Amino acid sequence: MHESKRKISMPSTAHNFRGYWGQKKKKMTNFDIEISTPSPLSALTIHSLYLNSFCHSQFPLHAQKKMVACFSFLFPLAPFFVTLLFLILFLEQISYLRKKRNVPGPNIVLPFLGNAISLVAKPTRFWEVQADLATSLGFSVNYIIGRFIVFIRSTELSHYIFANVRPDAFLLVGHPFGKKLFGEHNMIYMFGQDHKDLRRQIAPNFTPRALSTYTALQQIIIVQHLKSWERLSSESPGKPISLRLLARDMNLETSQTVFVGRYLSREARDKFRDDYNLFNTGLMKLPFDLPGFAFRNARLAVERLIETLSDCATQSKKRMSEGDEPSCLIDFWMQETVREIAESKTVPPHSSDVEIGSYLFDFLFAAQDASTSSLLWTVTLLDSHPDVLRRVREEVSRIWSPESDTLISAEQLREMKYTQAVAREVIRYRPPATLVPHIAMKDFPLTESYTIPKGTIVFPSVYESSFQGFTEADRFEPERFSEDRQEEVIFKRNYLAFGAGPHQCVGQRYALNHLVLFIAMFVTVFDFKRHRTEGCDEIMYCPTICPKDGCRVSLSRRCSRYPNLSLN
């Protein structure tokens with residue numbers, strides 16, 4: 001083999017190897033090395049080069065010997081470690097392809113991370129690509145943080161997943177790493193008889209009487225926040241304000257008041273808000289449970305939130321056992337629990353304070369971010385559809401006026417049929433939680449030709465189902481929910497915003513009431529104008545979906561005065 005001489009000259013330049021030793025920081029000597037090596041330069045030659053550099057330095061002799069010995073020991077093992085690394089990566093790729101089979105999805109994925117970077121950086125685009133890939137079979141696959149995933153686009157396949165939540169099929173996880181984040185006691189991880197028993201226990205939380213109590217609380221809080229929004233807008237005349245954080249704060253206070261009301265002090269509410277913000281941030285980050293990482297902060301915040309809610313359950317049990325009237329959701333729940341304990345002399349399952357605190361957090365999570373998403377899209381869509389806005393205002397003005405100083409009653413709420421249709425269409429057109437993650441507990445035959453491997457995270461897409469079946473599904477058209485068209489009945493299987501099967505949302509009536517009340521009061525109290533910029537209506541995940549710009553609007557009051565509302 002032809003030998004070529006390469007002279008590596010290292011004078012006092014940027015390529016010079018220099019160092020310092022001891023407190024005096026003596027400069028290392030320059031060195032010139034001339035070596036004969038096969039061309040191109042081999043790894044063995046580079047190894048020799050570094051050994052020579054140490055030998056010609058001013059390191060103490062015993063240190064040089066130790067370094068040389070270390071290099072001499074490790075270098076022969078380098079090919080072994082490199083080979084082992086490539087073998088692991090190769091086997092990981094083979095495992096992915098074996099699970100993928102002929103299903104649409106990327107053929108090559110990054111080791112361990114898979115496509116997690118693109119999911120975190122551009123989640124909207126990531127799921128759009130998955131949906132496009134799923135066009136032919138109704139589902140597609142990918143690989144994220146060491147987990148094989150299946151994305152479900154087909155409505156019928158989504159129903160198939162929802163209907164098979166059981167130990168030998170699928171478990172609802174809510175979040176790919178949700179059990180670690182939410183804790184053990186959470187409704188989304190329950191199934192079978194335990195789940196049925198718990199849903200029976202919480203049924204009193206959503207009776208007409210309970211819902212009527214909640215609507216009064218909701219209206220008072222909405223008006224309080226609308227006032228603050230106007231003040232904020234008036235402080236910067238002509239400049240739009242972003243509603244995303246404002247709506248989230250309003251919904252958080254609404255959830256706190258409706259769910260645990262009088263049991264949270266002002267100081268506790270402030271801490272609650274801070275912890276919930278930490279939780280929200282951690283939801284969208286990579287699951288590194290290490291100090292300083294957002295996921296760890298979120299997990300610890302959830303523990304504190306559940307502790308606070310557990311204390312609320314303790315206080316409510318005491319009040320209800322003393323015969324007080326219910327004033328919030330936890331009271332209706334504990335009133336029934338106390339009655340059951342008194343009659344049967346036994347404590348119902350899943351009714352410890354910690355468990356109840358965990359279930360309350362589940363309610364909070366479901367209500368808080370989903371409602372924020374729907375409120376933002378409502379303002380966005382009403383602004384871009386002036387005819388719909390006009391019809392809503394006409395209907396509400398016939399039924400309720402801010403100057404009446406009265407709360408909107410349950411009967412008046414039922415009369416707002418068009419406004420209710422608008423609320424339903426907002427939820428269809430922009431379902432807040434676009435995906436409902438499940439985990440396969442065993443190999444599960446999804447179709448005749450494909451079996452989902454055990455351990456796979458499966459994502460039925462509520463969003464994709466919302467644009468299937470309905471007449472001109474890509475149009476925002478509240479009339480589809482009118483008594484004449486009744487598309488919510490005809491295409492009921494495609495309306496999955498509240499889920500389906502045993503885990504269908506128990507609070508959907510509460511959520512719809514909240515949205516209708518907000519629409520009625522917002523459009524009556526305010527004239528508003530959306531500040532439109534390029535891409536402002538694009539979908540952003542945070543963690544539910546909202547307009548990319550956070551819904552920036554200019555507000556001005558259209559009524560003569562705000563309603564003076566109270567519970568009396």
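Visitor: Is C328 buried or exposed, and at what relative accessibility?

Guide: This is a predicted model, and in it C328 has a relative accessibility of 0%, so C328 counts as buried.

Visitor: How should I read the buried residues of a helix, and which residues of α5 are buried?

Guide: The general idea is that an α-helix has 3.6 residues a turn, so residues three or four places apart point the same way. In helix α5, which spans residues 123–133, the buried residues are P123, T124, F126, W127, Q130 and A131. These residues cover an arc of only 160 degrees around the axis, and therefore they sit on the same side of α5.

Visitor: What covers the buried residues of α5?

Guide: The elements that cover them include helices α4 and α18, together with the strands β3 (139–144), β4 (147–152), β10 (457–460) and β12 (539–541).

Visitor: How many residues of helix α6 are buried?

Guide: Helix α6, residues 155–162, is mostly covered, with six of its eight residues buried; these are T155, L157, S158, H159, I161 and F162. The buried residues of α6 pack against β3, β4, β5 (170–172), β7, β10 and α18. At the start of α6, a side-chain oxygen of S154 comes to within 3.4 Å of the backbone nitrogen of E156.

Visitor: Where does H438 lie, and what does H438 touch?

Guide: H438 belongs to strand β7, which runs over residues 438–440, and because its relative accessibility is 2%, H438 counts as buried. Not counting residues up to four places away in sequence, H438 touches I161, F162, V165, F170, L171, L172, V173, T456, I457, V458 and P460. The side chain of H438 also reaches the backbone oxygen of V436, at 2.8 Å.

Visitor: With which side chains does the side chain of D289 make a polar contact?

Guide: D289 is placed in the loop between α11 (266–283) and α12 (294–321), and with a relative accessible area of 16% D289 is buried. Its side chain makes a polar contact with the side chain of R296 at 2.5 Å and a polar contact with the side chain of R299 at 3.1 Å. Although D289 and R299 are 10 residues apart along the chain, their C-alpha atoms are separated by 8.2 Å. Leaving aside neighbours within four places in sequence, D289 is in contact with K180, F295, R296 and R299.

Visitor: What is the phi of F112, and where is the place of F112?

Guide: Phi of F112 is near 60 degrees, a positive value in a residue other than glycine. F112 sits in the loop between α3 (78–100) and α4 (116–121), and F112 is partly exposed, with a relative accessible area of 44%. Q486 also has a positive phi, near 50 degrees, and is a residue other than glycine; the place of Q486 is in the loop between α18 (462–466) and α19 (487–490), and at 36% relative accessibility Q486 counts as partly exposed.

Notes:
Residues are numbered from 1 along each chain as its sequence is written. This is a predicted model: local features need pLDDT of at least 70, side-chain atom pairs count only at pLDDT 80 or more; totals for chains, interfaces and linings use all residues. Side-chain values use heavy atoms; hydrogens and water are left out. Helices (H or I, at least four residues) and strands (E, at least two) are DSSP runs, numbered from the N terminus. Buried means under 20% relative accessible area, exposed over 50%, partly exposed in between (1.4 Å probe, protein chains only). A polar contact is a pair of N or O atoms within 3.5 Å; within protein, one must be able to donate a hydrogen and the other to accept it, and residues adjacent in sequence count only if both atoms are side-chain atoms. Contact means heavy atoms within 4.5 Å. The arc is that of the directions from the helix axis to the C-beta atoms.
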